[in-house]
Each structure stands twice: as structure tokens, then as C-alpha cells.
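Trainee: I would like to learn how to read a strand in its surroundings. Could we go through one together?

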2 protein chains.
Amino acid sequence: MKKSLKPIEELKVRLKEIAHLVSISAILSWDQEVHMPSKGADVRAESLSYLSGLIHSSFIALDTNGLLSTLKKDLDTKKVKGNDAVIVRETWKDYERQHKLSESFVKELSSVTSKAQNVWIEARKKNDFKLFQPWLEKIIKLKQQEAEMIGYKDSPYDALIDQYEPGMTAGEAAKILNDLKDFLIPFIAHLKTNTKDASRLKVKGKFLKEKQIAFNHFISKALGFDFDAGKLDVSTHPFSTNFHPHDVRITTRYKEDDLFHSIGSTIHEVGHGLYEQGITGKHFGTPLGESVSLGIHESQSRMWENIIGKSKSFWKYFYPKLQKQFPEPYKKISFDSFYNTINTVQPTLIRTESDEVTYNLHIIVRFEIEKELIEGSIEVKDLPYIWKSKMKQYLGISIPNDTLGVLQDVHWSAGLIGYFPTYSFGNLYSAQFYDTIKKTIPNLDREISKGNFAPILLWLRKNIHSKGKTYRAGELVKKITGEDLNSKYFTEYLEHKYKTT
Amino acid sequence: MKKSLKPIEELKVRLKEIAHLVSISAILSWDQEVHMPSKGADVRAESLSYLSGLIHSSFIALDTNGLLSTLKKDLDTKKVKGNDAVIVRETWKDYERQHKLSESFVKELSSVTSKAQNVWIEARKKNDFKLFQPWLEKIIKLKQQEAEMIGYKDSPYDALIDQYEPGMTAGEAAKILNDLKDFLIPFIAHLKTNTKDASRLKVKGKFLKEKQIAFNHFISKALGFDFDAGKLDVSTHPFSTNFHPHDVRITTRYKEDDLFHSIGSTIHEVGHGLYEQGITGKHFGTPLGESVSLGIHESQSRMWENIIGKSKSFWKYFYPKLQKQFPEPYKKISFDSFYNTINTVQPTLIRTESDEVTYNLHIIVRFEIEKELIEGSIEVKDLPYIWKSKMKQYLGISIPNDTLGVLQDVHWSAGLIGYFPTYSFGNLYSAQFYDTIKKTIPNLDREISKGNFAPILLWLRKNIHSKGKTYRAGELVKKITGEDLNSKYFTEYLEHKYKTT
């Protein structure tokens with residue numbers, strides 16, 4: 001039956017089958033994090049590995065009988081147009097990347113990173129970088145090989161970052177992030193000098209988990225998260241995943257002595273979740289039904305978490321509700337004092353616990369290190385020293401040990417090199433988009449302070465979510481804001497917010 | 001690489017791949033019942049249908065290049081032995097059945113039953129049997145065709161019941177269930193006459209869901225359910241499912257005005273769950289890692305739910321704990337009164353709400369009807385009349401309408417014909433096994449009344465759970481009890497229990 005289909009239709013049928021497998025794999029991973037009993041781990045790992053083999057072979061089989069190559073030729077000669085052109089362009093890009101990596105290489109990388117993650121856990125626990133060092137050396141070597149197999153123009157790092165932020169290069173990333181760094185270092189130093197406000201401290205209290213869960217559901221719903229097409233659950237590390245735009249799962253985690261441990265991360269994951277719920281369901285299985293890039297995804301979570309979720313207008317609406325849900329201690333805390341508390345800027349050791357300002361210097365440290373590792377200008381053995389000196393230089397803090405320093409993140413042990421900068425791109429995209437949103441939606445702050453988030457969500461739906469991969473990230477930001485990605489809007493946002501408080 | 005394997009090893013590798021797909025499919029179904037948001041239904045149905053196609057084609061592919069046929073010949077000539085012989089014997093049986101049904105037939109049955117279930121829901125809601133009638137007629141005709149394709153010796157019903165209780169025939173089932181009926185009708189009539197005890201009523205009270213959940217977890221754990229290898233969740237209809245012996249999920253449902261709504265069904269599902277947790281993990285993917293039959297599965301749930309879970313010894317241990325958890329109203333209710341309440345025998349309209357005695361007449365009504373439908377001796381249009389007259393004759397009750405009568409169960413609309421009798425077989429097997437257990441374990445009741453369930457569980461593990469499909473149900477019961485399946489032990493159990501209260 002399939003044989004009588006036109007090639008582009010045949011491709012869509014096959015992509016949809018692969019999408020089902022990917023979606024199924026996401027369900028298994030979600031269950032693993034949220035529900036699976038401990039003894040189920042081994043068989044779950046086997047099931048996931050079997051599925052990932054099935055996905056890979058189905059993807060490679062797209063070019064059996066030259067189906068995909070033929071369509072690529074038709075794309076180059078403009079015989080394939082419109083939405084179909086997007087589908088072929090993006091599928092070809094993924095296929096080419098996967099095709100360039102030999103099976104033996106993929107297996108070795110998977111085997112090394114799987115073992116390296118266990119070693120990393122051990123090394124972090126024991127504060128022993130030397131234990132992890134040989135494994136990270138192996139990973140860097142493999143990622144350098146990967147870059148050679150993929151090919152690049154200027155830096156081998158180009159070939160790696162392109163996987164997470166398609167179209168981005170090492171050079172462009174360095175330029176953008178250097179600009180940002182040049183702003184942030186003096187800005188943070190200045191804030192530190194000026195901020196001696198005692199209210200900028202964590203609020204102490206006992207916040208019952210059940211009451212926190214109810215409040216987080218309330219916020220999520222108010223922002224537009226559709227609970228008929230999604231769920232909010234509990235897991236050790238907050239994450240979002242989607243099986244389809246009609247079934248998006250987000251998670252958060254709770255500490256009974258720290259209310260904002262859950263609220264911040266919930267709003268962050270809601271941001272991701274709103275993006276996935278806004279993708280067009282009928283495109284499920286094609287690149288038109290997929291998000292643009294990690295950076296654009298992060299722009300959604302960061303916009304809701306920080307630009308909106310830590311704004312005065314936002315809390316004008318939610319603070320009375322929070323005071324009602326948690327009268328102890330909030331009924332005695334003034335709005336201004338509360339607002340200052342949630343916007344405390346203070347250099348910290350751990351990236352995931354840092355504020356919206358210093359966060360980016362954590363990323364820049366990682367970006368500079370991984371780029372130089374891949375380009376071969378520094379060596380793995382020197383990382384503890386380099387880490388410490390950069391953290392001192394950029395954030396002015398001393399690193400007491402490697403567990404709280406270079407060993408804190410899972411990414412490198414998992415082979416995710418080129419991934420970190422997308423976190424900061426998220427912040428920059430979000431400010432750049434938000435500048436346009438503010439110019440487009442009249443009285444935006446007033447709407448927010450009334451709890452009306454629909455105008456923002458509709459704008460995001462129309463301009464970003466519903467587009468799928470129609471445009472690459474670079475094109476999208478230019479199309480929407482008229483400019484290439486840059487740090488100006490984000491630094492202006494910070495200046496405005498922190499100079500006026 | 002696979003090509004260099006011996007045929008039996010090649011078969012095992014392929015069966016394990018299929019087992020992963022089956023397990024994955026079970027995870028998706030579990031999530032669908034327990035967590036999935038409503039809008040996720042369509043894509044979930046598509047994912048499940050895609051998986052089921054994949055499972056079917058992988059199963060049929062077992063005989064590509066004659067792999068399975070060759071092994072079957074080796075089995076017949078005794079070249080394949082021991083555990084391997086079980087694997088080939090059972091795989092061949094399944095393969096032969098699936099192979100005999102044409103692809104177009106399977107698709108039609110699936111399409112008809114899928115639509116029929118929606119019609120059945122509507123018909124039940126509207127109390128309109130005529131709406132459902134043409135669909136049930138289609139299903140009966142298809143199941144008759146199925147029986148012809150599969151083949152049978154005496155009755156076409158043989159070919160259907162064999163799918164759920166391998167080796168059982170219509171004639172043997174009729175003989176066993178007739179014996180049971182001949183006992184039950186006068187026994188129940190006698191109990192009705194003698195029972196005017198006012199304490200045999202539902203206990204009224206308000207039982208908070210959270211407190212019920214805690215108590216059900218406590219009971220489940222005490223019986224031996226391993227929460228590191230399983231979970232107990234909430235769903236509309238209680239069920240058990242397993243992804244592997246190390247990951248078994250059971251569910252129950254709660255009514256705040258009826259404590260035993262959840263306790264009975266939880267113990268029932270724990271019984272199923274203990275069976276699945278007791279299967280040998282290393283045999284995952286082969287028939288040695290699968291349960292024997294639906295009847296044997298039900299023997300486990302029924303033994304724990306009724307024979308053990310409604311016994312005096314059981315509640316000697318748990319009743320003080322129940323009184324502590326729910327002092328209101330239980331602190332004022334005597335043990336004897338409580339015991340009589342949970343063992344009330346009273347004919348009811350609905351099978352799923354009936355007690356352990358009358359339950360079997362509900363099954364016998366369904367068995368007699370479906371057997372005669374398949375054999376062509378009665379017609380679908382007459383079912384409401386037949387249902388009413390049998391219920392009057394066997395249980396002495398009048399059926400007010402078809403919603404509470406012939407339309408109450410989903411099974412027929414789903415094409416599950418030959419399934420019902422396995423519920424009663426479960427009761428008979430359980431009593432027959434339990435008779436042997438009592439002879440084997442000294443002071444069994446005393447151990448139970450001390451909350452020591454380990455001796456029973458170990459016995460079940462050793463004699464039933466760990467065996468997988470090594471023996472067919474008929475062989476297993478003979479091997480364990482020395483007799484073929486019969487109703488004697490169950491009727492003796494009932495006589496002993498209800499004549500002495």
C-alpha cells in the first residue's frame with residue numbers, strides 16, 4: 001500500500017511511525033523518573049535501549065531505495081515547496097548527521113558516556129576529579145572525532161553546538177557571550193556593593209507539600225497550562241517532556257522549608273510545557289511539529305520564570321493569593337520586601353541555584369572551557385584550576401572543592417558538549433522577544449497584574465509555538481525582532497530591573 | 001551476528017524483543033488508565049495500535065526462514081528438551097493460532113469490537129439492548145468464524161475457551177460448572193432462609209481516602225507485595241498489569257462511604273501482583289516467564305481476596321489495626337459482627353458487586369449463554385429474556401432492566417468470548433490448591449492470625465509462580481493436588497465456612 005504513495009507522503013508516514021517510537025520512549029522515561037519502582041531499573045534500561053535502536057534503524061531506513069536522497073534533490077531543484085520543503089530540509093539535516101557517524105562510533109560513545117556517568121557520580125561524591133579525568137579525556141577525544149566526522153568550517157566546536165542550536169557557530173556564540181560577560185562582571189560587582197538590604201534573604205517557614213502542590217497547580221493553570229492536555233507531577237529533578245501537544249508532562253520538586261524551590265522551577269517547566277502544548281498537533285511526526293532549538297525552548301521557560309514570573313506586575317496579582325495560602329510567614333512580609341527577596345542577586349557556587357543575573361556567568365565559564373577543550377587549547381587535567389580561577393575572576397567567589405565546582409553538572413559526563421550555551425541563549429532570546437511583545441501588546445504590565453496572561457500566550461502561540469521548525473532559530477529571531485540574536489535586550493532588561501529597585 | 005546463533009537461541013533473542021514491545025505496550029496502557037490527561041486519548045490509541053501491529057508482525061516473523069517450524073520439528077522428534085521444549089511448545093501454540101487467522105479477519109474483528117464497545121456504552125446508558133443487538137450479532141458471527149479457522153473437536157466454543165484457559169474444552173467446562181451450579185442453587189436458597197442476622201449489612205461511615213490508601217498499602221505490604229518492585233495506584237476500575245516481575249503495577253478505587261469497596265479489590269489485585277512478582281525474572285521474554293492461564297491467575301487473586309482475606313484468622317490479625325485506623329465506627333463493632341458483615345451472602349444484580357458464593361452463578365449464566373450463542377442454539381435477540389429467566393431460576397432475583405442485566409459487562413462487546421468461565425475456574429483452583437496448602441503447612445491458621453503470610457507466599461512461589469508455563473493448567477492442578485480440576489474443594493470450603501457461622 002505504501003508503495004503507491006508519493007515520496008513526500010511516504011516520508012510523512014515513516015516519520016510519523018518514528019514519532020510514535022520517540023513519544024513511547026518519552027513515556028517510558030517519564031515513568032522512570034516519576035513512578036518506576038527501584039527494581040524496575042534494569043529492564044527499563046533494556047526497553048529504552050531496544051527502542052533507541054529501533055528509532056535509529058527506522059531513521060536510517062528513510063533512505064532505503066533513495067527515498068530521502070531523491071526528495072533532497074527535489075528540494076535543491078525547488079520541486080518540493082512550502083511546508084514539504086521544511087520537512088525535507090530538516091529531516092535531511094538530521095539524517096546527514098546520523099549517517100556521517102559510523103555505527104561503531106555511536107556504540108562506543110554510548111558505552112563510554114554510560115559508564116562515565118557512573119564514574120562522575122562517584123567522583124562527585126568523593127570529591128575526586130582525578131577519578132573522572134580519564135573518562136572526560138575519552139569523551140573529549142570522542143567528541144573531537146565526532147566533529148571531524150560531521151565536518152565544520154572554523155572550529156570543531158561548530159559541529160557540536162549545531163546539534164543543539166542549529167545554525168549557531170563557535171565564533172558567533174563567543175562574540176555574543178563575550179559581550180554579555182563584559183556587561184555582567186562590572187554589573188554584578190556594582191550590585192554587590194550597593195545591596196546591603198537585609199530583606200534580600202531566604203524567607204523562613206514551614207510550607208506543607210500538599211499546600212505547595214495546590215499553589216503550583218493554581219499558578220500553572222493561571223498562566224495557561226492546559227491540564228486536560230498535560231500533568232504536573234513530582235520528581236527528583238524538575239523536567240518537562242511531551243508525548244504529543246495533547247499530552248505534555250512537567251514535574252517539579254518540593255522542599256518544605258523553601259517555597260521558592262518549587263515555584264520557580266514550576267513556572268520554568270510551565271514555560272517549556274506551554275511551548276509544547278502550542279505546537280500544532282496535526283504536524284505530529286514532522287519537523288513542523290517540533291520545537292526550533294534548545295535555545296528557543298529555553299527562551300520560553302526563562303521568559304515565564306524570570307521576565308514575567310519575577311516581575312512586580314506578576315506578583316501584584318499572585319502575592320495576595322500566596323499570602324492567603326501561606327499566611328505564616330507571608331502575612332507579615334511587605335510586597336516590596338517579598339519582591340526583593342525573590343530577586344536577590346548573589347554569586348553562588350551552584351549553577352542551578354543561581355539567580356537570573358549571575359546564572360549567565362556560570363554558563364560562560366562552562367562554554368569557554370568546553371570550547372577550548374574541543375579546540376585542543378587546554379587540557380582536561382587542568383580543569384579544576386581553570387574552573388577556580390574563572391569563577392574567582394568572573395563571580396568573585398572561591399571554590400572550596402571540585403564537588404561544588406567543576407564536578408557539579410552531569411552534562412559533560414553524558415557527552416553533552418555544546419549544550420550549555422543554549423541556556424544563556426534562552427535568556428537572550430527571551431529578553432529580545434519580550435521587547436517586541438511589549439511593543440505589540442498595549443498595557444502589558446496592567447494585564448499581567450490583573451492575572452490576564454492570555455495576550456502573551458496568544459502572541460507566543462502565533463509567532464513561535466505554532467511555527468514548528470519552519471524557521472531556524474536565527475531566522476526566527478530576525479523575523480520577529482528585526483535583529484540577529486544579541487545581548488543588548490537582556491542587558492537593558494537587567495539594567496532597568498536592578499537599577500530601579 | 002544473530003545468524004551465527006543456534007535456532008533456539010535465535011528464537012529466545014527474538015522473543016525477548018517481542019516481550020519488550022509487549023511490556024512497553026503495558027506501560028502505555030497503565031499510564032492511560034492511571035495518569036493520561038483526557039486530550040491525550042487519540043494519540044495514545046494510535047501509539048498502541050502502531051505497537052500492536054509491530055508486535056503482531058514480529059511474532060509472525062518468528063517463522064521467517066522456517067525458524068519456528070524447524071524448532072517445532074525438533075520438538076516433535078525430541079531433539080529439543082527441558083525448558084527449551086516448553087519455549088518451543090508454547091510459542092508454537094500461539095504462533096499457530098495467530099497464523100490461522102487471516103490479516104483481514106483480525107483487522108475486521110478489531111474494527112468491529114472497537115466500534116461495538118462505544119455502542120455498548122451508549123446502549124447501557126440508554127437501557128436499549130436493541131441498539132447493541134446488531135453489533136453483538138456481528139461479533140458472535142466473527143467469533144464463530146474464528147472458531148472455524150482455528151479448528152475444534154466437539155464444540156466451536158472449544159476453540160475460543162482454549163485461548164484463555166489452554167487445554168480446557170466446552171464439554172469439560174460445562175461438566176465442572178454444572179456440578180457447581182447443582183450445589184450452589186440449593187445452598188444459596190438455604191442460606192437466604194437461615195440468614196436474618198441484622199449485622200449482615202454494609203457498615204456506614206466516612207472513610208477518608210488518604211486513610212484508606214494508607215491502610216491498603218499496609219495490608220498489601222503485610223501480604224508480601226514488594227513495593228520496590230511494584231506500585232499501588234488509583235484508577236476507575238481496579239486492575240493489575242506487569243512490565244516485568246520487577247515492575248508490577250496494581251490499582252484500586254475508593255469510595256469514602258464504603259471501606260470494603262477498596263479493601264476487597266486491593267487484596268484481589270495484590271493476589272494477581274504477587275503472582276507476577278513471583279515469576280522468574282531471568283525467563284523474561286519466554287513462556288517460562290509467563291503465567292499459566294487466566295484461571296490460574298484468578299486462583300491467586302481469589303485465594304488472597306476470599307479464602308484468606310475473608311477468613312477469621314486473617315481478620316484476627318488485621319481487625320485491631322482496622323479499628324485503630326478507623327475507630328469511627330469500628331471501635332463499637334464486635335469482631336463477630338464485622339466478620340459476618342464482610343461475609344454477607346446475598347444475591348445481587350451486578351456480578352462485580354457480588355459475594356464469593358453467588359458470584360459463580362453470575363458466571364454460569366454468562367457461560368451458558370455464550371456457549372449456546374457460539375454453538376448456534378440460541379439467538380442474540382432473545383438474550384434479555386434468557387438472562388432474566390436464568391437469573392430468576394438460579395439466584396431468585398428479578399432483573400428490572402437490561403442495564404442492570406445483560407448489558408452490565410464489557411466482555412462481549414470486546415469480543416472476549418470464552419473468558420467468563422475462567423473467573424469461576426479461579427475460585428475452584430484456589431480452593432483446590434488451598435486444600436493442599438493446608439495439608440502442607442502446619443498451623444496455617446495460627447500463622448495467618450499472627451500476620452505471617454510468608455509460608456503461603458513461599459509455597460505459591462515454589463509450586464506455581466516460579467514455574468511459568470512449564471505445565472498447562474490441567475497438568476499443574478493434577479501435579480499439585482493429585483486431582484483434575486473439580487468443584488468439590490470449593491463447595492466443601494463454602495459448606496464449612498457458611499454452615500458454621
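Trainee: Is strand 3 of chain B largely enclosed by the rest of the structure or open?

Mentor: First, a word on what we are looking at. This is a predicted model, in which local features need pLDDT of at least 70 and side-chain atom pairs count only at pLDDT 80 or more, while totals for chains, interfaces and linings use all residues. Residues are numbered from 1 along each chain as its sequence is written, chains are lettered from A and ligands numbered from 1 in the order in which they are written, and side-chain values use heavy atoms, with hydrogens and water left out.

Mentor: Now the idea: buried means under 20% relative accessible area, exposed over 50% and partly exposed in between, with a 1.4 Å probe and protein chains only. Strands here are DSSP runs of E with at least two residues, helices are runs of H or I with at least four, and both are numbered from the N terminus. In strand 3 of chain B, six of the six residues are buried, so this strand is largely enclosed by the rest of the structure.

Trainee: Which residues lie on each side of strand 3 of chain B?

Mentor: In a regular strand the side chains alternate between the two faces of the sheet. Here Asp247(B), Arg249(B) and Thr251(B) are on one side, Val248(B), Ile250(B) and Thr252(B) are on the other, and both faces are covered.

Trainee: How many bridges join strand 2 of chain B to strand 3 of chain B?

Mentor: Two strands pair if DSSP finds at least two bridges between them. Four bridges join strand 2 (residues 240-244) to strand 3 (residues 247-252) of chain B, and the two run antiparallel. They form a hairpin with two residues between them. Ser240(B) has Ile250(B) as its bridge partner, and His244(B) is partnered by Asp247(B).

Trainee: Does strand 1 of chain B run parallel or antiparallel to strand 3 of chain B?

Mentor: Strand 1 (residues 230-234) of chain B runs parallel to strand 3, with five bridges joining them. In this pairing, look for Lys231(B), which stands opposite Arg249(B).

Trainee: And how many helices and strands are there in chain A?

Mentor: Chain A has 21 helices and three strands. Of its 501 residues, 57% count as buried. The C-alpha trace of chain A spans about 70 × 50 × 50 Å along its principal axes.
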